[in-house]
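Subject: Structure handover

Hello,

Here is the structure I promised to pass on. Please keep it open while you read the notes below.

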Amino acid sequence: MGETRHTKVLIIGSGPAGYTAGVYASRAMLEPILVQGIEPGGQLTTTTEVENWPGDTEVQGPDLMVRMEAHAKAMGCDIVSDIITDLDLSSRPFTATGDSGVTYIADAVILATGARAKWLGLPSEEKFKGFGVSACATCDGFFYRGQEIVVVGGGNTAVEEALFLTNFASKVTLIHRRDELRAEKILQDRLLKHPKIEPLWFHTLEEVIGADNPLGVEGVRVRNVQTDEITEIAAKGVFIAIGHAPANELVKDVLELHNGGYVSVKPGTTETSVPGVFAAGDLTDHKYRQAVTSAGMGCMAALDAERFLAEQDG
Ligand code: FAD
Ligand code: NAP
């Protein structure tokens, strides 16, 4: 039998939502346990400069998350390196099973599991993942010094990845299925002015092509969505940046969801469809998906949990 730990508030996730909930729940003397998951610090650890975190004109994503972790810890949050593999919300107190073998018994749960990168779903993408195909420029950009790279997508992530990759690549082709970017105007301007970046409008990636021995990417086959014409582009690296899907695996069959998988909350609160379970950040938010909005919701979730527990006691 593994260890069993009881907590008033279990926070699942260590992105801006989770750590902010940790700060607030600790200051409310709820002695929370925060389980970090497979990606301590969350999505911002996969980027470089963050320019829209209030109070910092520019901060490196990983540095910001180290500071948030230290802040939560300093307030008394018990930060645990573990992954929740199962969550039973059928009765209170709730039971969460950790990959470590620890069972967490919680009077309230704050879900802050965020979102994960989406993939195109092509067999060739799968084949070359880790061998030239990536969803993280900051993690893998360094490997493509002086090489040609393609980036797929038209949102903030794709544009930021393309700009970042110019630090290494000789040329970056941004493949987008429309001729209009979804990214913020300031990022669009930087992209369109950049001498190393060439946008390829109205195209989709059909296949990643490369060598088998050793496994490595040599290019991509793209389709013009207006003419159906197929062409090839030489590239050593392929970065997929087509958005993120909410990490709802623990609760998708239990909680009410909206917009294709985001956890529903009562408007103006973080209350989910199960009393005592709160959701914050990208897991619940299909619209804003920002660090600052996630942090704001983390604060709300801790305050909502505090009120819920006080009502149970009273
Ligand atoms: P996430 O940051 O997604 O963190 C989720 C956490 O949940 C992780 O710690 C993970 O380990 C944990 N977790 C998941 N499943 C489990 C489990 N089963 N058990 C335990 N833990 C689990 N936003 C901005 O405001 N400014 C930017 O400049 C910016 N740049 C970005 C650049 C990139 C490349 C990306 C991908 C996103 C960027 N964003 C930016 C968006 C921002 O990162 C997200 O909105 C924010 O991180 C969401 O925070 P979150 O706390 O909801 O979840
Ligand atoms: P996103 O905004 O959802 O954009 C996804 C892009 O990929 C869109 O351009 C979309 O095309 C394209 N796409 C989706 N599926 C595709 C497919 N199957 N084939 C080809 N193209 C496909 O996702 P994101 O860029 O990852 O951003 C996610 C959230 O994080 C956003 O809220 C964003 O603001 C935030 N974020 C913020 C910053 C920042 O503030 N600096 C940085 C990064 C991310 P269409 O446009 O045609 O739909």
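A polar contact is a pair of N or O atoms within 3.5 Å; within protein, one atom must be able to donate a hydrogen and the other to accept it, and residues adjacent in sequence count only if both atoms are side-chain atoms. By that rule, a polar side-chain atom of Asn 156 sits 2.9 Å from an oxygen atom of ligand 2.

Some ground rules. This is a predicted model, where local features need pLDDT of at least 70 and side-chain atom pairs count only at pLDDT 80 or more, while totals for chains, interfaces and linings use all residues. Residues are numbered from 1 along each chain as its sequence is written, chains are lettered from A and ligands numbered from 1 in the order in which they are written, and side-chain values use heavy atoms, with hydrogens and water left out.

Ligand 2

Arg 178 also reaches this ligand: a polar side-chain atom of Arg 178 is 2.8 Å from an oxygen atom of ligand 2. For Glu 184, a side-chain N or O atom lies 3.4 Å from an oxygen atom of ligand 2. The protein covers 80% of the 920 Å² of accessible area that ligand 2 has on its own (Shrake-Rupley method, 1.4 Å probe; for residues, only the protein chains shown count as cover). There are 20 residues around ligand 2 (a heavy atom within 4 Å). Asn 52, Thr 157, Glu 160, Arg 178 and Arg 182 come nearest.

Ligand 1

A backbone N or O atom of Ala 291 is 2.8 Å from an oxygen atom of ligand 1. For Ala 112, a backbone N or O atom lies 3.3 Å from an oxygen atom of ligand 1. Arg 116 has a polar side-chain atom 3.4 Å from a nitrogen atom of ligand 1. The protein covers 93% of the 1,000 Å² of accessible area that ligand 1 has on its own.

The two domains

Domain 1 is 4-116 + 244-313, and domain 2 is 119-240 (bounds from an automatic or database domain assignment). Their C-alpha centres lie 32 Å apart. Six residues of domain 1 are in contact (heavy atoms within 4.5 Å) with seven residues of domain 2. The rule finds one salt bridge across this interface (a side-chain nitrogen of Lys or Arg within 4 Å of a carboxyl oxygen of Asp or Glu). The side chains of Arg 190 and Glu 51 meet in a salt bridge at 3.2 Å, N to O.

Best wishes
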